[in-house]
Amino acid sequence: MYKYDTIDRDFLDRRSAQFRDQVARRLSGELSEDEFKPLRLQNGLYLQLHAYMLRVAIPYGVLSSRQLRGLASIARDFDRGFGHFTTRQNIQFNWIKLVETPDILDRLAELDMHAIQTSGNCIRNVTSDPLAGATDDEVENPMVWCEVIRQWSTLHPEFAFLPRKFKIAVSAGAEDRAATGFHDIGLRLVKARSGEVGFRVLVGGGQGRTPRVAQQLTPFLPKKNLLSYLEAILRVYNVAGRRDNIYKVRLKILVEAMGIEAFSDAVNMEWVGIRDSVVELPLEEFERIQRHFARDTLPPADLTSEILEAYCGKGHAFERWMRHNVLPHYDPGYANVCISIKALGRPPGDASASEMERIADLADRYGMGEIRFTYSQNVVIPHVRRDQLIRVFEGLGDIGLNGGENGLIGDMIVCPGLDYCNLANARSLPLADRIFQHFADAGLRDEIGKIRLNISGCINACGHHHAADIGILGVNKKGVENYQISLGGRAGEDAAVGRILGPSFDEHRVPDAVAAIVGLYLHRRKPDETFGDAVVRLGVDVFKRELYAAA
Amino acid sequence: MQRPDAQADSDGKVARIQVFAFAPAVMEDLPMPCLQLKTGDSMPEANILQSLSDSDVVAVYFEKFSDGRGFSLGRQLRGSLSCDHPLVANGHIIPDQADYLRRVGFSHVVIVPETLSQWQKSLVAVTHRFQALNTSPRTRSRPRR
Ligand code: SF4
């Protein structure tokens with residue numbers, strides 16, 4: 001992973017001092033709230049329903065065990081002992097005091113971390129595949145490019161005051177695990193017939209009240225031109241993006257209004273002037289960054305592990321965990337462990353300080369001291385020797401975290417909803433619990449298999465309900481919390497926006513509605529057909545008829 | 001914060017103007033702009049820019065500090081003007097934007113005198129460069145990181 005040098009550290013120290021000064025000027029009245037707001041947002045500080053929230057950047061979701069322990073101590077000292085993992089692979093602290101934020105930023109700087117550009121109308125934390133560099137299905141390691149983009153976009157002088165937030169994701173795997181189709185810019189590393197690696201560039205994707213799947217801007221961009229091309233896209237957006245209507249400010253609206261061809265012409269016109277210019281990253285700098293991501297030499301692993309064999313066939317829970325939570329690694333003797341931190345009664349994405357510390361310990365003992373946060377608010381420990389998986393399983397069991405199943409129906413993405421968010425129409429956390437309870441039978445969850453069920457408390461779609469097999473959206477129906485169900489959303493390679501099925505349900509009826517939908521799938525599916533594939537084959541209308549006939 | 005303006009003062013003379021160059025020197029007699037644009041304007045036609053003499057001041061007026069279009073316009077203008085051509089940011093800009101303004105290519109800003117020290121402080125607060133943006137050789141020669 002990328003390691004800070006003295007230049008990076010000096011930068012963070014200065015930035016932290018600068019923010020301390022800005023807070024002091026706000027408190028003295030020298031800065032108005034209007035002027036302070038974008039400055040605090042660009043330092044990750046939000047004002048929420050009950051308190052300030054600080055969002056800390058985890059670049060493309062990768063952090064070290066030392067950093068995770070440091071975050072745990074911040075959760076203890078400045079929050080209520082919890083951190084919240086976000087869908088942008090960051091972490092949030094929800095109970096922060098404004099006057100303490102400069103101290104927190106200092107603590108973060110000691111950990112080589114910061115909160116820069118985790119909110120505000122600027123280029124946000126670039127996201128990526130949580131298995132990057134640890135899987136064999138990738139064209140090359142996308143983290144190198146994420147780091148290039150992170151550095152380029154950090155304090156970019158031209159793009160610090162965009163019409164709205166701007167999100168970029170990079171993926172390189174055969175399977176798109178970074179939801180690139182739902183980003184302002186989605187970059188997919190691809191290999192041309194000639195063998196040259198470059199980017200397929202997608203633009204104008206996003207969720208919110210106007211969900212759009214990104215369209216292809218160019219099928220192949222040479223790697224050396226990445227920064228000038230990004231700069232051209234951002235400039236067109238910065239100049240031509242709407243600023244007069246909060247609902248029309250995102251790039252997706254501009255792309256749609258102009259049409260992808262006219263947008264592409266505008267980008268190319270900007271690009272001509274800067275392509276191959278000083279804007280591009282010098283080769284030496286690229287190589288410096290690339291060296292940070294060279295594959296570690298992994299100690300040889302014992303493939304015929306006696307320990308593993310001794311356990312398999314005996315412990316049902318361990319076998320299930322192996323099936324759902326152990327993901328393939330490029331080295332057959334190793335694996336990537338996905339820890340799903342979703343469980344009944346706990347807000348999805350929340351982790352306690354002691355859980356974070358335990359995960360850090362396990363990453364040190366059985367991995368390479370590295371941790372990844374995922375888009376679905378889970379945690380991955382990469383590079384775990386297969387013959388030590390049982391130890392990880394037991395270690396997670398000590399803190400009650402070996403029961404969560406990656407990718408099954410309980411592994412929901414759920415926004416905070418009405419319990420914490422002042423924009424919400426409806427609560428989402430209690431609904432997630434109801435659904436959990438409804439599908440309490442592990443055998444049933446196994447039978448259903450891979451499925452993504454996401455819940456958002458309002459149309460802002462922080463719970464990514466548009467991109468879910470089953471999406472649930474909180475709506476306000478004459479003052480009563482109700483939920484609309486949509487079907488057929490996908491975040492991967494063939495990204496799609498889910499289709500709304502029909503009239504909404506109250507919270508008591510949602511679990512039955514979900515059960516009816518899932519029941520039809522179980523009844524009509526072909527062998528080995530996932531829920532998402534069955535919806536594509538059968539069509540959404542079949543499910544709609546079943547659902548409302550039963551209702 | 002008070003909105004600085006490059007307008008005539010009450011007795012009809014050009015107001016005292018506090019200006020930064022790349023090194024934050026104060027200049028008091030920068031001429032009034034020859035070409036005054038504002039955020040949201042598109043790039044002037046090439047012949048308009050070509051007709052300017054090297055000392056004709058071009059200015060971009062920020063109606064609101066958070067309207068980032070002025071940064072792209074500054075960047076585009078700098079790409080068409082010589083590296084020494086005076087390019088001024090005026091209107092509602094705040095000291096915390098000093099380094100951004102400089103790095104997209106503005107050579108001067110118009111400010112109210114009381115904020116001078118804060119502007120000077122902001123120019124040196126964070127001096128790292130992750131981007132090579134400005135076509136001005138003075139900026140380009142700065143360390144990249
Ligand atoms: S989706 Fe709506 S309710 Fe949920 S966190 Fe986002 S803004 Fe709040």
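Trainee: How do the residues of the shell around the ligand divide into nonpolar, polar and charged?

Mentor: This is a predicted model, in which local features need pLDDT of at least 70 and side-chain atom pairs count only at pLDDT 80 or more, while totals for chains, interfaces and linings use all residues; side-chain values use heavy atoms, with hydrogens and water left out. Residues are numbered from 1 along each chain as its sequence is written, and chains are lettered from A and ligands numbered from 1 in the order in which they are written. As for the classes, Ala, Val, Leu, Ile, Met, Phe, Trp, Tyr, Cys and Pro count as nonpolar, Asp, Glu, Lys and Arg as charged, and the others, Gly among them, as polar. The shell around the ligand has eight nonpolar residues, three polar and no charged.

Trainee: Which residues surround the ligand?

Mentor: A residue belongs there if one of its heavy atoms lies within 4 Å of the molecule. Among them are A:Cys415, A:Cys421, A:Cys458 and A:Cys462, together with A:Pro416, A:Gly417 and A:Asn460.

Trainee: Into which domains is chain A divided?

Mentor: Domain bounds come from an automatic or database domain assignment. Chain A has domain 1 (6–56 + 84–110), domain 2 (134–291), domain 3 (306–397) and domain 4 (413–550). Taken over C-alpha atoms, the centres of domain 1 and domain 3 of chain A are separated by 32 Å.

Trainee: What area do domain 1 and domain 3 of chain A bury between them?

Mentor: The size of an interface is often given as the accessible area lost when the parts come together. Here the area is taken with a 1.4 Å probe and summed over both parts. Domain 1 and domain 3 of chain A bury about 840 Å², with 64% of it on carbon and sulfur atoms. The side of domain 1 that touches domain 3 has two nonpolar residues, five polar and no charged. In contact (heavy atoms within 4.5 Å) are seven residues of domain 1 and eleven of domain 3.

Trainee: What is the area buried between chain B and chain A?

Mentor: That area is about 3400 Å², of which carbon and sulfur atoms give 55%. The contact takes 33 residues from chain B and 44 from chain A.

Trainee: Where does A:Asn402 lie?

Mentor: A:Asn402 is in the loop between α13 (389–398) and β16 (413–414) of chain A. Leaving aside neighbours within four places in sequence, A:Asn402 is in contact with A:Trp321, A:Phe393, A:Leu396 and A:Gly397. The side chain of A:Asn402 reaches the backbone oxygen of A:Phe393 at 3.1 Å.

Definitions and conventions. Buried area is the accessible area (1.4 Å probe) that two parts lose on being put together, summed over both. Helices (H or I, at least four residues) and strands (E, at least two) are DSSP runs, numbered from the N terminus. A polar contact is a pair of N or O atoms within 3.5 Å; within protein, one must be able to donate a hydrogen and the other to accept it, and residues adjacent in sequence count only if both atoms are side-chain atoms.
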